[in-house]
Amino acid sequence: MPLCITNTMSGRKEPFVPLNPGVVTMYVCGVTVYDRCHIGHARALLTFDVIYRYLCFLGYDCRFVRNFTDVDDKIINRAREEGVPPEELAQRYIDEFHRDAAALGLLEPAVEPCATGHIPEMIDIVSRLVEGGNAYEAAGDVYFAVESFRDYGKLSGRGLDEMMAGARIEVDDRKRHPMDFALWKASKEGEPFWDSPWGRGRPGWHIECSAMSTKYLGQPFDIHGGGQDLVFPHNENEIAQSECAAEAPFARYWIHNGFVQLAKEKMSKSTGNILSIREVLERFDPAALRLYMLTTHYRNPIEFSEEALAEAQRAVGRVYETVGRADRALGPSSDGAVEPGPLDDFRRELDDDFNTPRALAVVFEEVRAVNRLLDRGGDLDARRNALRAMTETLGLVQAPPEHFLADRRRAGLSRLALSEEEVRQLIEERNEARRVKDWGQADGIRDALKEKGVVLKDGPSGTTWELAE
Ligand SMILES: [Zn+2]
């Protein structure tokens with residue numbers, strides 16, 4: 001069975017056949033850089049990170065492009081509030097984005113283009129649309145004429161009448177049809193601007209993705225991705241612009257991830273219902289956030305839940321402990337063989353529209369299998385390699401296990417306002433109390449630590465400690 005992808009365009013699962021054998025071209029709409037990213041962004045980023053990783057795992061040469069929207073009303077307004085130039089604000093949040101992306105363990109795209117670096121390309125598309133009769137100028141603005149594109153609405157599956165029924169229509173005398181959208185906007189006083197055939201202005205939002213995707217990937221290209229909220233109008237408008245300007249199809253497969261919901265509301269800036277990636281990662285491992293997101297199929301909504309994240313945190317610990325234990329048992333040597341059965345199962349699940357919840361079930365079955373072999377003996381190498389291949393494809397295990405587990409212990413202790421040094425000293429004090437048979441003192445130290453969340457374990461090689469679950 002080949003890889004199948006649910007294509008938003010058809011609403012069906014379709015076998016994935018790239019335009020050029022062995023190569024996949026993929027464009028994903030990035031963020032507007034005016035604030036820190038929230039967990040809704042994390043979901044889109046992790047969804048497409050895993051898709052990218054899996055396409056590479058399948059052996060494709062995957063060319064992945066993800067943009068930054070760095071000129072926009074929200075950026076201009078925020079910059080004005082803060083009294084800084086818009087480009088300075090945008091750069092600050094591009095840097096913040098890169099910090100989050102590194103913390104989440106995202107693979108870097110081949111290109112991360114910024115809208116402001118592609119103004120001539122956008123002007124070129126808009127000019128062609130005007131010449132072809134698909135767009136018109138009105139007082140320094142340029143609008144796309146939706147009635148000029150017979151297929152308008154084909155991605156969202158809605159006709160113009162339906163769209164108008166569902167939209168807030170602002171009366172605008174400059175537009176020929178209420179659903180016409182801006183390709184180019186005349187700049188107001190104090191706004192960033194570029195010279196154009198229609199005077200000084202700046203691009204509308206949608207045109208940048210048409211310009212940047214086709215510049216780096218050609219037209220058509222294979223996969224266009226984004227969050228569900230982008231289907232209409234953003235992606236719909238990209239199709240209209242690009243297909244009219246080039247008289248060629250735009251993107252071949254459309255992939256959209258579902259929302260993250262907080263208390264039953266869509267996670268978005270406008271509701272004020274926001275949890276930043278940074279806030280989540282102060283309390284949970286990046287791998288736990290990743291695992292948590294992957295336990296739901298990317299198309300379905302996720303209800304944000306602290307308990308589920310805590311459960312993912314424990315589950316990630318089990319994966320790392322198992323990989324670490326197997327690595328210690330096997331040492332650095334490996335013949336490189338990979339147990340085929342589990343890896344075939346894993347692949348079958350991901351081939352089915354990137355079904356990560358079922359792929360994770362295969363991973364945890366393999367975690368149990370490796371632990372059984374560690375407990376009872378047997379041929380471990382190929383099973384460990386299968387587990388590693390799976391966890392690396394999902395991006396779940398990115399650090400050496402001993403580093404991850406040590407970091408987690410340190411982070412756990414610091415949440416308890418303790419350091420490793422303090423715990424070590426208390427263990428020594430307790431050992432001293434036991435030597436002089438002061439059992440009351442020894443038990444007191446143990447109980448006080450337990451109260452705080454640190455459990456002491458006495459073994460043949462001395463006393464060790466663990467964080468209570
Ligand atoms: Zn876009």
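Predicted model: local features only at pLDDT ≥ 70, side-chain atom pairs only at ≥ 80, totals over all residues.
**Stop 1: the domains.** Colour the chain by domain: domain 1 covers 4-271, domain 2 covers 306-399 and domain 3 covers 416-467. The centres of domain 1 and domain 3, taken over C-alpha atoms, are separated by 57 Å.

**Stop 2: α10 and α12.** Select helix α10, residues 306-330, together with helix α12, residues 356-376. The axes of α10 and α12 come within 10 Å and cross at roughly 40 degrees. The crossing of α10 past α12 is left-handed. Now display the side chains, which settle the opening question. While viewing the helices, recall a general rule: an α-helix has 3.6 residues a turn, so residues three or four places apart point the same way.

**Stop 3: α11 and α12.** The crossing of α11 past α12 is left-handed. On the α11 side, select Pro 342, Asp 345, Phe 346, Glu 349 and Leu 350; on the α12 side, select Arg 358, Ala 359, Val 362 and Glu 366. The residues of this contact are five nonpolar and four charged, with no polar ones.

**Stop 4: two cis peptide bonds.** Move to the bond from Gln 219 to Pro 220, which is cis, with omega near 0 degrees. Pro 220 lies in the loop between α6 (205-217) and β9 (221-227). Next, select Phe 232 and Pro 233, whose connecting peptide bond is cis, also with omega near 0 degrees. Pro 233 belongs to helix α7, residues 231-246.

**Stop 5: Glu 247.** Continue to the loop between α7 and β10 (251-257), where Glu 247 is located. Although Glu 247 is not a glycine, its phi is positive, at about 50 degrees.

**Stop 6: α16.** Finally, select helix α16, residues 439-452, and determine the distance between its end C-alpha atoms. At 1.5 Å a residue, its 14 residues should span 20 Å, and the end C-alpha atoms are 20 Å apart, so the expectation and the model agree. Following α16 is Gly 453, with a positive phi near 115 degrees.

Methods
Residues numbered from 1 in each chain as written. Axes fitted to C-alpha atoms, helices over the stretch in contact; angles between N-to-C directions. Helix = DSSP H or I, 4+ residues; strand = E, 2+ residues; numbered from the N terminus. Left-handed = near helix turned anticlockwise from the far one by under 90°. Contact = placed C-beta atoms within 7 Å. Nonpolar A, V, L, I, M, F, W, Y, C, P; charged D, E, K, R; others polar. Expected span 1.5 Å × (residues − 1). Domains from an automatic or database assignment.
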